[in-house]
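User: I'm new to reading protein structures. Could you walk me through this one and show me how the conclusions are reached?

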Amino acid sequence: MRALSEPPSGRADATLRALPPPVPNGREAAVRALYEDRYAEIVRFATFIMGDVHAAEDAAQEAFTRVYDAWDRLEDPERAVAYLRATIVNLSRGRHRRRLVADRNQPPHLVAVPSAEDDAMGRVGRGAVLDAVSSLPSRQRACVVMRHWLRMTEGEIAATLDVSIGSVRTHNKRGLATLQRTLGDLR
């Protein structure tokens with residue numbers, strides 16, 4: 001007697017082997033190429049914006065998924081990287097808002113208070129810079145990171161954030177002033 005998991009005469013195996021592998025459509029190929037080319041950059045950007053590597057990886061995956069879904073609606077596929085960055089900024093804002101609401105609604109006896117040691121260690125070196133950048137308002141943080149870390153032009157930042165160039169300059173200037181006040185002791 002033949003086992004239930006075996007095909008009747010081997011025909012199914014031959015049919016499966018005869019089928020060609022699926023060919024990706026234009027959108028799949030384009031997003032796959034974009035993913036392979038820009039994933040690491042987008043994760044680094046998201047890490048700087050969000051301050052958490054794991055959340056940044058999740059946000060990068062979500063951003064690429066949204067680019068895939070919106071690919072046919074993108075007027076210019078060359079703007080896909082700007083769309084990714086804008087998505088990361090928006091996801092960061094949403095995460096920040098949810099965290100603020102959760103913190104506001106947390107019972108007082110459960111609120112974590114950092115120790116003096118944690119506070120002192122947070123002020124040293126790179127951690128202090130990341131903390132200072134993370135404490136900036138979202139627009140200022142996005143402008144400072146895009147301008148000084150990604151070396152984007154003011155026009156590219158304005159297009160990514162959908163604001164005017166003057167607004168980019170203002171947010172960048174205010175963000176840098178806050179960082180200078182916050183990090184002045186580290187010089």
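Analyst: Happy to! This is a predicted model. Let's begin with helix 9, whose buried residues are Ser167, Val168, His171, Asn172, Gly175, Leu179 and Leu183. They lie on the same side of helix 9, because they cover an arc of only 125° around the axis.

User: What makes these residues of helix 9 count as buried?

Analyst: The word buried means under 20% relative accessible area. Ser167 and Leu179 are among the residues of helix 9 that fall in this class.

User: Which exposed residues does the face turned away from the buried side of helix 9 carry?

Analyst: That face carries Lys173, Arg174 and Arg181. Exposed means over 50% relative accessible area, so these three pass that cut-off.

User: How do you know that the span of helix 9 agrees with its number of residues?

Analyst: Helix 9 runs over residues 165–183, which makes 19 residues. At 1.5 Å a residue they should span 27 Å, and the end C-alpha atoms are 26 Å apart, so the two agree.

User: What makes up the largest nonpolar core, and which residues have the most contacts inside it?

Analyst: This core has 42 residues, and Phe45, Met146 and Leu161 have the most contacts inside it. Helix 2 gives the largest share, nine residues.

User: Which residues does phenylalanine 45 touch, leaving aside those up to four places away in sequence?

Analyst: Phenylalanine 45 touches Arg85, Ile88, Val89, Val145, Met146, Trp149 and Leu150. Contact means heavy atoms within 4.5 Å, so each of these has a heavy atom within that cut-off of phenylalanine 45.

Terms used:
Residues are numbered from 1 along each chain as its sequence is written. This is a predicted model: local features need pLDDT of at least 70, side-chain atom pairs count only at pLDDT 80 or more; totals for chains, interfaces and linings use all residues. Side-chain values use heavy atoms; hydrogens and water are left out. Helices (H or I, at least four residues) and strands (E, at least two) are DSSP runs, numbered from the N terminus. The expected span of a helix is 1.5 Å times one less than its number of residues. Buried means under 20% relative accessible area, exposed over 50%, partly exposed in between (1.4 Å probe, protein chains only). The arc is that of the directions from the helix axis to the C-beta atoms. A nonpolar core is a set of buried Ala, Val, Leu, Ile, Met, Phe, Trp, Tyr and Cys residues joined through side-chain atoms within 4.5 Å.
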